[in-house]
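Okay, everyone, thanks for coming.

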Amino acid sequence: MANFRPVSNLSFLSKVIETAVNRQLNAYLMEHGLLPRCQSAYRRHHSTETAMLRVVSDALTAADNREVTLLAMLDLSAAFDCVDRSVSLQRLQRNFDLTDVVLRWLTSFLCGRTQQMIYNGRLSEIQRVWYGIPQRSVLGPLLFTIYTAGVSSIIVNHDCRLHLYADDTQVYLSVPVDAVSSATARLSHCIADVATWFSVNRLRLNLAKTQIIWLGSKVNIPDVPIMATSVQMVESARDPWMSLSTVT
């Protein structure tokens, strides 16, 4: 049951209109530099390739400088289904200056949706959908990118690097081998703050898919105390602290 995802039944005309809105909104965001520079999803000239090249390039550069890189790959559970629409609309207005007709149209696009399930030939009652962005919509991915844009500033404030792709977040930092302990503590505090931000915004880290890894040259990696290294993170305000061991 945990793997089932709702799919929105969107008409062809709806997707045509969404495509037009998506192009205009993207142009507006690019013109004013409002999209996170480190987000490679759903943007022209950005892809999984650019995201991977950025992280690998930084790790190789650090290795050339005789440093090791601690990389945390964070994943969210059912991210698109958990978006708080009221928060999303407030953010569009306050942080991205979308008002009047544009904001009203986006409100009508997100709100007032219903869902229904069919099982064994029987339909359930129609229920209101209070959270989430329509799955498989044209505009939904861009709205999700806007919704999660604020996480970048938290990571930067911890003096860590990052790269995002949709709901996947890569957080990393490079240090000399003798600074491994301080790097681990710094990344631990960063992930804890990121997890808190996700929780406040009704998003949930998927601990089963979250991985932490040390990257470096064959000369430096053996000197890293891998088995003694762990990163603590809090999944939500109500959950206990979790410990994730790093791997090579």
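So, start with Arg202 and Asp84, whose side chains meet in a salt bridge at 2.7 Å, N to O. By salt bridge I mean a side-chain nitrogen of Lys or Arg within 4 Å of a carboxyl oxygen of Asp or Glu. This pair links distant parts of the chain: Arg202 is in the loop between α7 and β8 (211-215), Asp84 is in the loop between β1 (67-75) and α3, and they are 118 residues apart. Helices and strands here are DSSP runs, H or I of at least four residues for helices and E of at least two for strands, numbered from the N terminus.

Before I go further, a word on what you're looking at: this is a predicted model, so local features need pLDDT of at least 70 and side-chain atom pairs count only at pLDDT 80 or more, while totals for chains, interfaces and linings use all residues. Residues are numbered from 1 along each chain as its sequence is written, and side-chain values use heavy atoms, with hydrogens and water left out.

Back to that pair. Is Asp84 buried or exposed? Asp84 counts as buried, at 8% relative accessibility, while Arg202 is partly exposed at 45%. The cut-offs are under 20% relative accessible area for buried, over 50% for exposed, and partly exposed in between, with a 1.4 Å probe and protein chains only.

How many salt bridges does a search of the whole structure find? Three. Arg54 and Asp58 make one of them, at 3.0 Å, N to O. Both residues sit in helix α2 (residues 48-64), four residues apart, about one turn of the helix. Asp58 is buried, at 12% relative accessibility, and Arg54 is partly exposed, at 39%.

Asp58 also meets Arg161 in a salt bridge, at 3.4 Å, N to O. Arg161 lies in strand β6 (residues 161-165) and Asp58 in helix α2, so this pair ties together parts that are 103 residues apart in sequence. Arg161 is partly exposed, with a relative accessible area of 44%.

Now helix α3, residues 85-94. Which of its residues are buried? Arg85, Ser88, Leu89, Arg91 and Leu92. Why are they on the same side of α3? Because they cover an arc of only 160° around the axis, taking the directions from the helix axis to the C-beta atoms. These buried residues pack against α4 (100-110), α5 (140-147) and α7 (180-200).

Next, the cavity. The whole structure has one cavity of 30 Å³ or more, and the largest cavity holds about 40 Å³ of space. Grid points are joined across faces, edges and corners, and the volume is the space filled by probe spheres set on the points. The lining is Leu76, Thr148, Val151, Leu164, Ala166, Asp167, Thr169 and Phe198.

Let me pick out two of those. Thr148 is in the loop between α5 and α6 (151-157), and at 6% relative accessibility Thr148 counts as buried. Leaving out residues up to four places away in sequence, Thr148 touches Trp197 and Leu203, where contact means heavy atoms within 4.5 Å.

Thr169 is in strand β7 (residues 168-176), and Thr169 is buried too, at 4%. Beyond four places in sequence, the contacts of Thr169 include Ala72, Met73, Ile155 and Phe198. Thr169 and Val151 are 18 residues apart in sequence and 9.4 Å apart in space, C-alpha to C-alpha.

One more residue: Ser152, in helix α6, is buried at 10% relative accessibility. With neighbours within four places set aside, Ser152 is in contact with Pro36, Cys38, Leu162 and Leu164.

Last, the whole chain. There are seven helices and ten strands, and of the 248 residues, 44% count as buried. Among contacts between residues at least 6 apart in sequence, 72% join residues at least 24 apart. Okay, over to you.

Terms used: On a 1 Å grid over the protein atoms alone, a cavity is a set of points where a 1.4 Å probe fits but cannot get out, and a pocket is an open set with protein on both sides within 12 Å along at least five of seven lines; lining residues have an atom within 4 Å of a point.
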